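Hello,

Here is the structure I promised to pass on. Please open it alongside this note.

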Amino acid sequence: MTKRMFITGGSRGIGAAIVEAAAAAGWDVGFTYVSNESAAAEVAQRASAHGTKIRHWQLDVRNSANVDEVADAFLAEFESVDAVICNAGINRNGLAYSMNDEDWDAVIGTNLTGSFYVCRAFLPELVANRAGRILMMSSITAEGASGQAAYAASKAGLKGLAQTLAKEYGPKGITTNVLVPGYFPTDMTSGEAMAEGLKDFAISYCPLRRLGELDELAASVLFLCGDGAGFINGAVIDVTGGLGWAP
Ligand code: NDP
């Protein structure tokens, strides 16, 4: 039977790569975007070429009512869900002493609280099925990163959230794991969003001496969503090429 994936932030970057790889691997996929409708439509068009069902919805994960509506719409369209990927994320740089409330709240609200809302919305269906996969996108910054207090705190929080879900819902047959991507070329890590020096840092301190490729990350996600990963639960899995820290 065709498996069904729900993923937030599928319009660009890592999420878009996962949508396309999952479709190519035979998954039906529902994904979300927050503002970039045209990019989402292009991803949907490319993914649809593989012949599985692809749908996309506008969703701000900071809004719990919006999350519940989209989860209901997904379940109405796809009948159930096999994998939930909490991928949507943002970053706002700034030293902690000068970070304003708005930036702190936006990052924590999107990366951490939004992931909680998404998991909460799908857990009743996953529990009813007594099966399923949940994945969260953390970061090496979870160990601390200068100028990224909110981002680092949100990504560390995801580990606590995932490992709690692993304990609460493991007995119901649901696995929850955390992926730690290293440095992948996306809008988040390009241009003004990230100092060029950080890219050089990532390449020179990564033992593989290169950035990650999006299809490498997507392949790891698909493995963790597959039958072969059934005994991996509450794990924090680095897909970093060995890069283990941020400045
Ligand atoms: P991008 O900035 O390229 O894409 C972010 C995605 O999240 C977009 O689809 C965007 O939608 C969506 N999004 C942003 N805000 C919201 C919101 N409030 N509600 C719903 N969706 C939202 O990011 P990446 O692909 O680089 O990152 C994906 C995930 O991986 C993030 O969680 C990030 O923290 C994590 N990560 C990335 C790394 C990297 O090297 N790139 C390294 C470590 C972790 P829209 O297109 O509509 O704006």
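Below are the findings, starting with the ligand site.

First, the ground rules. This is a predicted model, in which local features need pLDDT of at least 70, side-chain atom pairs count only at pLDDT 80 or more, and totals for chains, interfaces and linings use all residues. Residues are numbered from 1 along each chain as its sequence is written, and side-chain values use heavy atoms, with hydrogens and water left out.

**Ligand site**

The ligand takes up the space of the largest pocket. (A pocket is found on a 1 Å grid over the protein atoms alone: an open set of points with protein on both sides within 12 Å along at least five of seven lines. A molecule sits in a pocket if more than half of its atoms lie within 2 Å of its grid points.)

There are 32 residues around the ligand, and Ser11, Arg12, Tyr151, Phe184 and Thr186 come nearest. Here, a residue is near a molecule if one of its heavy atoms lies within 4 Å of it. Helix 1 (13–24) supplies at least two residues of this shell, and so does helix 5 (149–169). Helices (H or I, at least four residues) and strands (E, at least two) are DSSP runs, numbered from the N terminus.

- Ser35: a polar backbone atom is 2.7 Å from a ligand oxygen.
- Phe184: a backbone N or O atom is 2.7 Å from a ligand oxygen.
- Lys155: a side-chain N or O atom is 2.9 Å from a ligand oxygen.

On its own, the ligand has 910 Å² of accessible area, and the protein covers 95% of that. Areas come from the Shrake-Rupley method with a 1.4 Å probe; for residues, only the protein chains shown count as cover.

**Helix 5**

Lys155 is in helix 5. Lys155 is buried, at 4% relative accessible area. (Buried means under 20%, exposed over 50%, and partly exposed in between, with a 1.4 Å probe and protein chains only.) Its C-alpha is 6.0 Å from that of Ser139, 16 residues away in sequence.

Leu158 also lies in helix 5. Leu158 is buried too, at 0% relative accessibility. Leu158 and Ser138 are 20 residues apart in sequence, yet their C-alpha atoms are 6.4 Å apart.

**Cysteines**

How many disulfides are there? The count is 0, where a disulfide is a pair of cysteine sulfur atoms within 2.5 Å. Cys225 is in no disulfide either; its nearest cysteine sulfur, that of Cys86, is 11 Å away. Cys119 is buried, with a relative accessible area of 2%. Cys225 is buried as well, at 2%.

**Positive phi**

Most residues other than glycine have a negative phi. Two residues here are worth a look.

- Glu79 is not a glycine but has a positive phi of about 75°. Glu79 sits in the loop between helix 3 (64–78) and strand 4. Glu79 is exposed, at 66% relative accessibility.
- Arg209 is not a glycine but has a positive phi of about 55°. Arg209 sits in the loop between helix 6 (196–205) and helix 7. Arg209 is exposed, with a relative accessible area of 54%.

**Other residues**

Asn91 is in the loop between strand 4 (83–86) and helix 4 (101–129). Asn91 is buried, with a relative accessible area of 19%.

Ser220 belongs to helix 7 (residues 214–225). Ser220 is partly exposed, at 21% relative accessible area. Its side chain reaches the backbone oxygen of Glu216 at 3.1 Å.

Trp245 lies in the segment after strand 7 (236–239). Trp245 is partly exposed, at 41% relative accessibility. Trp245 and Ile140 are 105 residues apart along the chain, but their C-alpha atoms are separated by 5.8 Å.

Best wishes

How values were computed
A polar contact is a pair of N or O atoms within 3.5 Å; within protein, one must be able to donate a hydrogen and the other to accept it, and residues adjacent in sequence count only if both atoms are side-chain atoms. On a 1 Å grid over the protein atoms alone, a cavity is a set of points where a 1.4 Å probe fits but cannot get out, and a pocket is an open set with protein on both sides within 12 Å along at least five of seven lines; lining residues have an atom within 4 Å of a point.
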